[in-house]
Amino acid sequence: MATGTHHGTARSPHVLVVGAGVAGLAAAHRLLGRGAAVTVAEASGRVGGKLLPGEIAGVRVDLGAESLLARRPEAVELAREAGLADDLRSPATATAALWTRGALRPMPKGHVMGVPGTAGALAGVLSEEGLRRVERDAELPRTEVGEDVAVGAYVAQRLGREVVDRLVEPLLGGVYAGDAYQISMRAAVPQLFDVARSHTSLTEGVRALQEKTAAKAKTGPVFAGIAGGVGRLPLAVAASVRSRGGEILLDAPVTALRRDADGWRALAGDRPVRADAVVVAAPAGAAARVLRDVSPGAAAELDGVEYASMALVSLAFRRSEADARLPAGSGFLVPPVDGRTIKASTFASRKWGWIADEDPGVLVVRTSVGRYRETAILGRSDQELVDVSRHDLHEATGLTAEPIAATVTRWDDGLPQYPVGHHTRVARIRERVAAVPGLAVCGAAYDGVGVPATIASAYAAVDALSADPVLGLGTGK
């Protein structure tokens, strides 16, 4: 049965949302609040995209992203709106380490994405030569950044490569699984880009940024989690969408989309759908396929967005055998320059009290492997990834315990890359999409890969549609 337009009667505008990741679900949630009728079409058999709840050794865990940036409001507010207010949790510990130069070293404080306000902030992580190189920043002439610049290239020019290789790279890699020497500073770390444009000295600019941030007195944890896993967020939003009359179709890839005089026609799986507007909330490659006929210019730009693949290795140990071996804190990051296989490890039972409470006798640790264009490691079997994770954990911490359970979760093309010039590509995509009435795009490929940024892009897409008087959408939340 076709869904959508009923001619000759007053009715709600019907919007088709392509993709049921957190962006698509957030868009559907907001559209319903503005009086639209909504159909969400998801190509896979589940909602949630990169957010995936699971379990290991009987303990609930996240098998995808496991925390939300709490200093941005969108994700925490959506969780509250979806009924998860009582389940929001702060990390039990936020103390992390760096596994570098042969030892676990405390994560430095007083930096912005690895860029320090003073050389002393990185004492213990950098060599003496590296620290002296940071101090030279104050004497160097201005470095012009133009319209954009790679984070690694700019920071290395100001402070030396050691800062990039030992600190910026692992911190950025934890977010993008990318290469700091290719990632756009304007798109990935906009506050640093602003500093680079307004200050000659980078360290001086970072100090000014830190003072400004301190003056705003933002208190409370930087990150938040959800008891039972962040993967519960999309499930709760999907339940809210359905309870308010929205429809979510699974195993329903949109294989045809075209616009005619009466609006939009789509084929979702084997289901014809009529709609007044469309929000494409799929990853770049899938979005390009959907938009090929209706906005070939946007599709061509989306085809150029590259992705990094990675895998998460979740390990469960008997606490009595593993706890004493692991250092204090929430885990550690690993600079690629050190030549290790894993790029990070999270002591999940230490970081999230709710995991420890599920079974106090079990200790859950997870590692991540794989970076942009690092395909060889991901070609290994699940068992090999477990073995190499155990090897690196032993090298870093001395942990020798045998896991009682292990799970490998592969995220092929999981993280979009933001190279230099990404902001102009996104502007071109949005310009081409805006030229087609009743069409909007959102997701991690545009304005940030974190959950709050992805939700914000969904809200921006809804706002773009709400600005069209022909559609007749409301302007509330």
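The side chains of Arg371 and Glu374 meet in a salt bridge, with 3.5 Å from N to O. A salt bridge here is a side-chain nitrogen of Lys or Arg within 4 Å of a carboxyl oxygen of Asp or Glu. Arg371 counts as buried because its relative accessibility is 10%, while Glu374 is partly exposed at 28%. Buried means under 20% relative accessible area, exposed means over 50%, and partly exposed lies in between (1.4 Å probe, protein chains only).

This is a predicted model, in which local features need pLDDT of at least 70 and side-chain atom pairs count only at pLDDT 80 or more, while totals for chains, interfaces and linings use all residues. Residues are numbered from 1 along each chain as its sequence is written, and side-chain values use heavy atoms, with hydrogens and water left out.

The structure holds 24 salt bridges. One of them joins Arg373 and Glu306 (3.2 Å, N to O). Arg373 sits in the loop between strand E20 (362–369) and helix H15 (375–378), and Glu306 in the loop between helix H11 (296–303) and strand E17 (307–318), so the pair ties together parts that are 67 residues apart in sequence. Helices (H or I, at least four residues) and strands (E, at least two) are DSSP runs, numbered from the N terminus. Arg373 is exposed at 59% relative accessibility, and Glu306 is partly exposed at 37%.

Another salt bridge links the side chains of Arg197 and Asp194 (3.8 Å, N to O). Both residues belong to helix H7 (residues 190–198) and are three residues apart, about one turn of the helix. Arg197 is partly exposed, with a relative accessible area of 43%, and Asp194 is partly exposed at 43% as well. Glu301, Arg425 and Arg428 are linked in a network of salt bridges.

Next comes a sheet. Strands of a sheet pair through backbone hydrogen bonds, either parallel or antiparallel. An open sheet of five strands runs in the order E12-E2-E1-E16-E22, with parallel pairing. Strand E12 (247–249) and strand E22 (439–441) stand at the edges, each with a single partner strand, so one side of each has no neighbour in the sheet. Two strands pair if DSSP finds at least two bridges between them. Strand E2 (residues 37–41) is joined to E12 by three bridges, and the two run parallel. Val40 stands opposite Ile248 in E12.

Elsewhere, Leu69 lies in strand E5 (residues 68–69). Leu69 counts as partly exposed because its relative accessibility is 31%.
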